[in-house]
Amino acid sequence: MMDLRSMWSAWDWISLPVYLAILLYVGFKFKERAGKNLESFFLANRCLTVPILLGTAAASWYESWTVVGLGTSAWELGIFLIFFYVAVQALVRIPLATWIGPYVRDSIPAHVVTLPDLIAYLYDKKSAYVGGVMVVTIAIYSGALLFAIGEVLHLVTGLPLFLGMVIAGAVVGIYTAAGGLYSVAVTDCVQWVIMAGSAGLAAFHLYPFVGGWEGLSKALVVQDPRLLSPIGTGNVLEAIGWSVSALALYVHPTSYQRFSAARRSSDVAIGFNLMQVFGITFSAVMVMIGLCSRALYPTLKPATGFWTVILSTLPAGLRGLFVAALTAAVMSTVDTEFLISSTTLVKNFYKEIFRPTMSESDLIRVNRYVIYLYCVLMVGLTQLWYGGISRAWYYIGGFLTSVFFVPLVAGLFWKGRTASGCFIALVASLVFYSLWEFILGQPFGFPTNLATWLFSALVYFPACLLTQKSGKAGRVEPTMGGSENA
Amino acid sequence: MPKQEKSTWVSLSVIMLVFQSLFLMWAFLTKCDVVFFEMGTVLIISALYVGVGYVIEVARGVFRN
């Protein structure tokens, strides 16, 4: 087995701390500007234009799971992932980028800042509280992302796993708390340049390394011929399950934050569609690296094989860049999740329940403390992922989509929606998900996210129709601490 | 930006997205070697677009408001 640590040079040891220091500098540079009010802290005063929107959305969305998780899933499932996840995700998200994003930017009032605000705006406060469960889900997923960075730093540098996670979490927490979305957007652009640039160079270097498709196919056929079939080693239900998880961008708070932070609605449509073009290409490169690792290093653990391919393929100098890209991928996602989760907790729960008269400056101050606390929690949650993160997004993305997709997307456009219908559908879907996954253990092998998604639609529409006469139909103005910002 | 020009750019971005999805599926299905270079080129263009675009936008004062 190749000694990965021997490839890590002194230059790489210098470049990583310098990179982290630059991120901290950006955070403090925007501290004053971000601290003016909640809109500047959470939405960067709605100033993001196409290139910045593209950079920040892509860097936030294509993260360490896309780098390591997708690669290791390809090791197991083959080109199946291209057909039922990578390409599908682009096609199913066209309506989100082209119509829903611009609609949210232009039609949703400025005081609707967080996703619970949006649920409260479309339905009522009760449903918005249920929407808070997203914060917990995102926290668990952020733990998987931090674990990925700890693991790669441990593999290639020998740094203790826990220390790598603590350093990465601390740097993200500090610059996010200081500069809010300003620092997140700027650092995301830098991070996407590193991520896309190094993945692009890796694609060029992979060709001679594996001998093109001919060499790759020959090696994979020996391992398992199904790896080269579109249906791969999966089955139809699993294929649909992966496709459902690709819809998660419709319900992820990151999307709605970026839509609201755009300068114009046309910037959203152009920026998000372009982001998908570049993002699916980035994902496809990771699938290709996963296939190469299966072909060349079948006896290694998938994650180790993945990094062995990266470090063997890339020339000296670019190796450190790719590790920095993973660091960037994690940080650019975790910073957004820190920001969204802390603002939701403080604005929609702490202020609403305990301090309704809280000023905006106090809200931002408390928000910063909560980001630090969240950071500690994330490091603790990494314990859940020591078995590997290859299925992290299948479960987390699938959960978010299955529970929230129907009420959120229907709520934006369907005039027959009711607050009671939404509340019933959300609670019933949460109960159904737990029952199907944890108690019944996925009966008939039917994926939980797909079953819950269908169940959610079956409950939501009849519940709305049955409760329309109760007088709760129509939009309810948000009361979760947002109205004073209007 | 005039409305017609916006529609053109939005349509163009959607067309690129559909093309790239179909291209990737076709290339992985037919095992076409070109995909290695196409993916590399697209990603390097993406890095340049965001990097240069960011510098231009900052010079135009996007963060000054």
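Student: What is the relative accessible area of A:Y129?
Tutor: This is a predicted model, in which local features need pLDDT of at least 70 and side-chain atom pairs count only at pLDDT 80 or more, while totals for chains, interfaces and linings use all residues. Residues are numbered from 1 along each chain as its sequence is written, chains are lettered from A and ligands numbered from 1 in the order in which they are written, and side-chain values use heavy atoms, with hydrogens and water left out. Buried means under 20% relative accessible area, exposed over 50%, and partly exposed in between (1.4 Å probe, protein chains only). A:Y129 is partly exposed, its relative accessible area being 28%.

Student: How many residues apart in sequence are the parts that A:Y129 and A:F349 tie together?
Tutor: Over all chains there are 26 aromatic pairs (rings of Phe, Tyr and Trp, the last by its six-membered ring, with centres within 6.5 Å; planes under 30 degrees apart are stacked, over 60 edge-to-face, the rest tilted). One of them joins A:Y129 to A:F349, tilted, with 5.4 Å centre to centre and 45° between the planes. A:Y129 sits in helix α9 (residues 125-131) of chain A and A:F349 in helix α17 (residues 318-353) of chain A, so the parts tied together are separated in sequence by 220 residues. Helices (H or I, at least four residues) and strands (E, at least two) are DSSP runs, numbered from the N terminus.

Student: Which residues of chain B belong to the cluster of ring pairs with A:F204, A:Y207 and A:W213?
Tutor: The cluster is linked by ring pairs and has members from chain A and chain B. Beside A:F204, A:Y207 and A:W213, the members are B:F28, B:F36 and B:F37.

Student: Which residues of chain B lose the most area to chain A?
Tutor: In contact (heavy atoms within 4.5 Å) are 40 residues of chain B and 56 residues of chain A. The two chains bury about 4500 Å² between them, 81% of it on carbon and sulfur atoms; buried area is the accessible area (1.4 Å probe) that two parts lose on being put together, summed over both. Together accounting for 17% of what the chain B side buries, the residues that lose the most are B:F28, B:F36 and B:F63.

Student: Which helix supplies the largest share of the side of chain B that touches chain A?
Tutor: Between the chains, 7 residue pairs are in polar contact, both residues at pLDDT 80 or more (N or O atoms within 3.5 Å; within protein, one must be able to donate a hydrogen and the other to accept it, and residues adjacent in sequence count only if both atoms are side-chain atoms). On the chain B side, α1 (3-30) and α2 (34-59) each supply at least two residues. The largest share, 17 residues, comes from α2(B).

Student: How many salt bridges does the rule find across the interface of chain B and chain A?
Tutor: A salt bridge is a side-chain nitrogen of Lys or Arg within 4 Å of a carboxyl oxygen of Asp or Glu. Over all chains the count comes to 10. Across the interface of chain B and chain A, the number found is 0.

Student: Which helix holds both A:D362 and A:R365?
Tutor: A:D362 forms a salt bridge with A:R355 (3.4 Å, N to O), and another with A:R365 (3.3 Å, N to O). A:D362 is partly exposed at 21%, as is A:R365 at 40%. A:D362 and A:R365 are 3 residues apart, about one turn, and both lie in chain A helix α18.

Student: Which residue's backbone oxygen does the side chain of A:S198 reach?
Tutor: A:S198 is found in helix α11 (residues 161-210) of chain A, and is buried at 2% relative accessible area. At 3.3 Å, the side chain of A:S198 reaches the backbone oxygen of A:M195.
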